[in-house]
Amino acid sequence: MIVIVALVSAILSNRHTIILMQTSQHRATRTFMDYDSISQAMDGICGLYERKLKELYPAIRNITYDISDLYNFIDGLADLSALVYDHSVQAYLPYDRQWIKQRTLQHLKKLAQ
C-alpha cells in the first residue's frame with residue numbers, strides 16, 4: 001500500500017507543465033516555458049518576477065517581496081496560463097491565472113516550512 005501511495009505521489013508531482021505567457025499586448029511577446037513538474041513551473045514564475053525586480057532595482061542586493069507583490073506581477077501580464085499533463089487522460093489540461101496564483105502560494109508555503 002505504501003508503495004502505491006508513493007508511486008501516485010511521484011506521478012502527481014512529476015506532471016509536465018507548460019507555462020504560456022504574454023508580457024504585453026504585443027503578440028510578439030508571446031512565449032512559453034516548459035517544466036518537468038508543477039513545482040518547477042511555480043519556481044520558474046517566481047524566478048521571472050525576481051529577475052524583473054533585479055532589472056528594476058539593480059543597486060539593491062537583497063530584494064524582498066510578499067505574495068501580493070507576486071500577484072500584482074502575475075496580474076500585470078497580458079496573459080498567463082498553464083497546460084499540465086494529466087496521466088489519467090494522457091492529455092494536457094488548461095489552467096488559468098487564478099490557478100497559477102493559488103499554486104504559487106501553495107508552493108511558497110511549502111518552501112517556507
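The model is a predicted one. Going from the N terminus, the elements follow the order α-β-β-α-α-β-β-α.

Next, select the four strands. They form an open sheet in the order β2-β1-β3-β4, with antiparallel pairing. At the edges are β2 (30-35) and β4 (91-95), each of which pairs on one side only. On average, neighbouring strands of this sheet are turned by 20° against each other, direction ignored.

Keep the sheet in view and select helix α4, residues 97-112. This helix packs on the sheet, where it touches β3 (79-86) and β4. The direction of α4 makes about 75° with that of β3.

Now select strand β1, residues 17-22. Six bridges join β1 to β2 in the antiparallel sense.

Move on to helix α2, residues 38-56. From the first C-alpha to the last, its 19 residues reach 27 Å, close to the 27 Å expected at 1.5 Å a residue. Show the side chains along α2: its buried residues include Ile-38, Met-42, Ile-45, Tyr-49 and Leu-53. Ala-41, Gly-44 and Leu-48 are also among the buried residues of α2. In an α-helix, residues three or four places apart point the same way, because there are 3.6 residues a turn.

Finally, select the whole chain and show its surface. The protein chain exposes about 7800 Å², of which carbon and sulfur atoms supply 56%. Of its 113 residues, 31% are buried.

Note on methods: Residues numbered from 1 in each chain as written. Predicted model: local features only at pLDDT ≥ 70, side-chain atom pairs only at ≥ 80, totals over all residues. Heavy atoms only, no water. Helix = DSSP H or I, 4+ residues; strand = E, 2+ residues; numbered from the N terminus. Buried < 20%, exposed > 50% of the residue type's maximum accessible area, 1.4 Å probe, protein only. Areas by Shrake-Rupley, 256 points an atom, 1.4 Å probe, with all protein chains shown as cover. Expected span 1.5 Å × (residues − 1). Pairing = 2+ DSSP bridges. Axes fitted to C-alpha atoms, helices over the stretch in contact; angles between N-to-C directions. Contact = heavy atoms within 4.5 Å.
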